[in-house]
Each structure stands twice: as structure tokens, then as C-alpha cells.
Amino acid sequence: MIISNMNCMKEIYGVVLCLFLLASCNGKSQKNRLAINAIDWESKTEEVTPQAVPLPTLCNIEYMQMGDSFILLQNDKMEPCFTLWDLSDSRYYFSFGQIGNGPDDFLTTANLVGGQRSRAFRIWNDNEIRTYLWDGKDSLSCKRQQMDRKILAGGYQRLHALNDTLYCGYKLLPHETGVELLNVASGEIYDRIGVDEGYFEDKSMPYDLTFCVYQDKLVVGRMRFNQIEVYRIDTERMKILPLFVINYKGGSPENPMKDGACYMKQINADDACFYMLNQDTGRPGKETYIDIYTWEGKAVKRLKLDALYLEGVLADDVFYLKKFTDDDNLYRLPVGGGK
């Protein structure tokens, strides 16, 4: 009888432990995820110099997006608002869009919507999503879809689309940032991850995030406390499930960094790796890196760039980068699939 009771207690304990672990895996707490902290960057760093590729027209680039055979450039405070640059013929481009309140104009808050590479691309303009198709020459068709749901106060900063789901990077006033899954047709929010950034001493400090969606993975870069969060998207239940955290400098919402955090600018990905373009604030405005990680969180390599770069997109193992001091060129850097 004693042995039977002990076995029973073991079974109950096992069930409770399983439920606890399941709850931990499905929770959104920063503490419940595997943290990867120890990275020997010194042995993994390689200095590289990207090569200039002349742009065929002046572009004050704010954001970049990769298409099927072109790069879509969003201009900052200049018109035309967008430029399609043909990679197969670097002399060719097509520009469109102006700021205004007309039916075909763009608001100053318009944003590119990232997505799978194709000839089609999307632009978020207020509560309207415009889907464009470029013929590769001088014709651009457009389909419009009005969203019923009003955007969050403070606005969406970056957007990504997979099929009927929008991945929206948001900033809620005053201090919360996160990513939410939004159904394009219904405006329904499936799931959301968020972090309250109220631990900063300067409460007015702008706090941005960057993120990338690749297949069923979501990679989030939390700027200024140098945390990379990797999630799996359960596409059946439309849930964001935490996988692991990379935080090699030890900062976190519970243990914020005062100095030396990274300004994470843009994330790209392929089947083997994801690539974080960041600037180390230990040397602000001077050093930019591309940190390369496997999908298991292993640091593969750090590419130390020769100047300050603000944006970059990956196409067929080649990065195209925007240099801070140069509006006449993009800069080309082969990365060989992270090898």
C-alpha cells in the first residue's frame, strides 16, 4: 500500500511538473525562456568593406524592402516617396508617390509592409493597405483594402505580412512596445507580445524595436537593452510561442543596461541564419556590425563594417546596405549564407 501511494504521488508530481513546464513554454515572461548570454565575439569578428553600387537617382532612404528582382526604397521627407530599383539592370528605376491628402497620395506615416519576395508589395497608409504589382517597366497597378480597425495610439513602426496576417510592431504611449498579429480582413488581433519600458530613467526617450518574420519564426530586437527574442508562430492557433532569448551583454527588463546597449536597426533571415544589423553605443555613430546567428541561437560570425550603415536588405546571400553619409550609392556585401 505504501509503494502504491508513493507511485501515485510520483504520478501526480509528474503531471504537475508537466503542467508547470507547459505553462512556462507558453507564457510571455522574459524569465521563462532559455537565455543565451555567453558569446565570444572577439574570436568571431571579421572586418569587411562593402562595395559601392551607384543608384540611378537620388534617394534619401528611410526604409528598404527586397522584392523579386528589385529593391523598394522608401524616401524620407522627399518626393517621389518610393523608388523601385531594378537589380537586374542597375541603371533602371521607377519612382512614384507624393505626400498629401488626395486619393492617391500618401500620409507622412505611410509604411512599407515587409513580406515574401515577389513582384507584389504592400504599403500601409493610415488604415488602408495598398497592394501594388510592378510590371518591371513603367506600369504599377494597385488594389486597396480599407481596414475597419483604428491603429494603436503612437502608431505602427514596422509591418510584415504573411498571407492574411499582419505582423505589426507597435509603440503604445507612453512606454509599451511589442508585436501583434492582426487579421487583414477582419481587423481581429490574434496575439500580442509586449514589454513595458518604464524602467528607463528618461521616460521621454523614444524606444523602438525591430523585427523580422521568416516562415514560422519571429525575431524581435529590443533596442537599447540589447535583447533578441526568437519566437515560433503557431499558424494553426495563431499564437506567438517563445523559443529563446539572446542577450550577451546581460541587459533585460529586470536588469536594464545604462551604457553599451546596441541600436538594432534591421533583421534579415534565410533558411540557415538570421542577421542583425546593429550599432554598438559604446562607439555611437562609428561602428556597425552584422551579427549572424543560427536558428538555434548560436552566434556564427560578426561582420564589422567600415562605416555607419542604417538599413540593409538581404537578397541571394548578398546584403545591400544604406550608408549614413551617402545618398548616391547602396553598398553591396556578399555574406555566403552566413558561412
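In which sense do S3 and strand S26 pair, and over how many bridges? Select residues 329-334, which form strand S26, together with S3, and you will find that the two pair in the antiparallel sense over four bridges. Keep in mind throughout that this is a predicted model. Within this pair of strands, pick out Val 53, which stands opposite Leu 330 in S26.

Now widen the selection to the whole sheet, an open one of four strands that follow the order S3-S26-S25-S24, with antiparallel pairing. As you turn the view, look for the twist, which averages 35° from one strand to the next. In general, strands of a sheet pair through backbone hydrogen bonds, and they may do so in a parallel or an antiparallel way.

Next, select residues 176-183, which make up strand S14, and find Glu 180 there. Is Glu 180 buried or exposed? Its relative accessible area is 0%, and because buried means under 20%, Glu 180 counts as buried.

Finally, step back to the protein chain as a whole, whose secondary structure comes to one helix and 26 strands. Of its 339 residues, 51% count as buried, while the accessible surface comes to about 16600 Å², with 51% of that area belonging to carbon and sulfur atoms.

Terms used: Residues numbered from 1 in each chain as written. Predicted model: local features only at pLDDT ≥ 70, side-chain atom pairs only at ≥ 80, totals over all residues. Heavy atoms only, no water. Pairing = 2+ DSSP bridges. Axes fitted to C-alpha atoms, helices over the stretch in contact; angles between N-to-C directions. Buried < 20%, exposed > 50% of the residue type's maximum accessible area, 1.4 Å probe, protein only. Areas by Shrake-Rupley, 256 points an atom, 1.4 Å probe, with all protein chains shown as cover.
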